[in-house]
Amino acid sequence: MARPLGLISPPSQKDRPVGLLLLDTGIPIGVPYLFYPRPEDLQYTHPSRGTVIQTMDGGFVDDFGEGLVDIIATGTTGWQGTLLPGEVKFQILRELVVIQYFNLRKLHADAGTPIDSVKLYWIDTLNLVAYEVYPVSFTARKNKQRPLLFQYTLRMTGINRLFSIGDTVTKLIGTLGGLL
């Protein structure tokens, strides 16, 4: 069936990576970890920092704005057919999130330097967002239905949003609002 004139197809998402980048005092540690294959499930939860107070006459809300985003990535590191086997990629991911990040922070604490100089960044070009994150948990799974795959669930808290397509849209709306 022919496409009606004026409609364009959406751009391919094939070349839009998702990855993690570890920095120590602004210097990259190793190479960025690129999720290939990409996570099967990406979940962003944007909570509010409000509290509803119920009273005899109704209620009110103590509103403190936007809360910290909760990011959950679930997937596998693949099997074979890429540069590195899935098991090796799984070990590299676990090493980065569970060991390297916390060891670097401990080294800074022991040296009396700020542990905040160690930063882990979540970069998601698929959803056009980037956050400085704190790794909350890393869950490793194996099961009978997928015995050759190393499965993971990585839960992070976005402590600082670096970029979001929403930022660009908000700026655009603000600019257009000023012109209208």
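This report describes the fold, aromatic pairs and nonpolar core of a predicted model.

## Basis of the model

Local features of this predicted model require pLDDT of at least 70 and side-chain atom pairs count only at pLDDT 80 or more, while totals for chains, interfaces and linings use all residues. Residues are numbered from 1 along each chain as its sequence is written, and side-chain values use heavy atoms, with hydrogens and water left out.

## Overall fold

The chain contains 2 helices and 10 strands, taken as DSSP runs numbered from the N terminus (helices: H or I, at least four residues; strands: E, at least two). Their order along the sequence is β-β-β-β-β-β-β-α-β-β-β-α. Of the 180 residues, 31% count as buried (under 20% relative accessible area, with exposed over 50% and partly exposed in between; 1.4 Å probe, protein chains only).

## Aromatic pairs around Phe90

The whole structure holds 9 aromatic pairs. Rings of Phe, Tyr and Trp (its six-membered ring) pair if their centres lie within 6.5 Å; planes under 30 degrees apart count as stacked, over 60 as edge-to-face and the rest as tilted. The rings of Phe90 and Phe138 have centres 5.7 Å apart and planes at 45°, so this pair is tilted. It links distant parts of the chain, with Phe90 in helix α1 (residues 86-111) and Phe138 in strand β9 (residues 129-141), 48 residues apart. Both Phe90 and Phe138 are buried.

Phe90 also pairs with Phe150: the centres are 5.4 Å apart and the planes at 35°, so this pair too is tilted. Here helix α1 is linked to the loop between β9 and β10 (151-164), across 60 residues. The relative accessibility of Phe90 is 4%, and that of Phe150, also buried, is 18%. The charged end of Lys142 sits over the ring of Phe150, 4.1 Å from its centre (the criterion being NZ of Lys or CZ of Arg within 6 Å of the ring centre and within 35 degrees of the ring normal).

## Nonpolar core

The largest nonpolar core has 26 residues, of which Leu20, Phe35, Leu93, Trp122, Tyr152 and Leu154 touch the most other members. Such a core is a set of buried Ala, Val, Leu, Ile, Met, Phe, Trp, Tyr and Cys residues joined through side-chain atoms within 4.5 Å. Helix α1 gives the largest share, 6 residues.

Ring pairs join Tyr33, Phe35, Trp122 and Tyr152 into a cluster. Beyond its neighbours within four places in sequence, Phe35 is in contact with Val18, Gly19, Leu20, Leu93, Trp122, Tyr152 and Leu154 (contact: heavy atoms within 4.5 Å).
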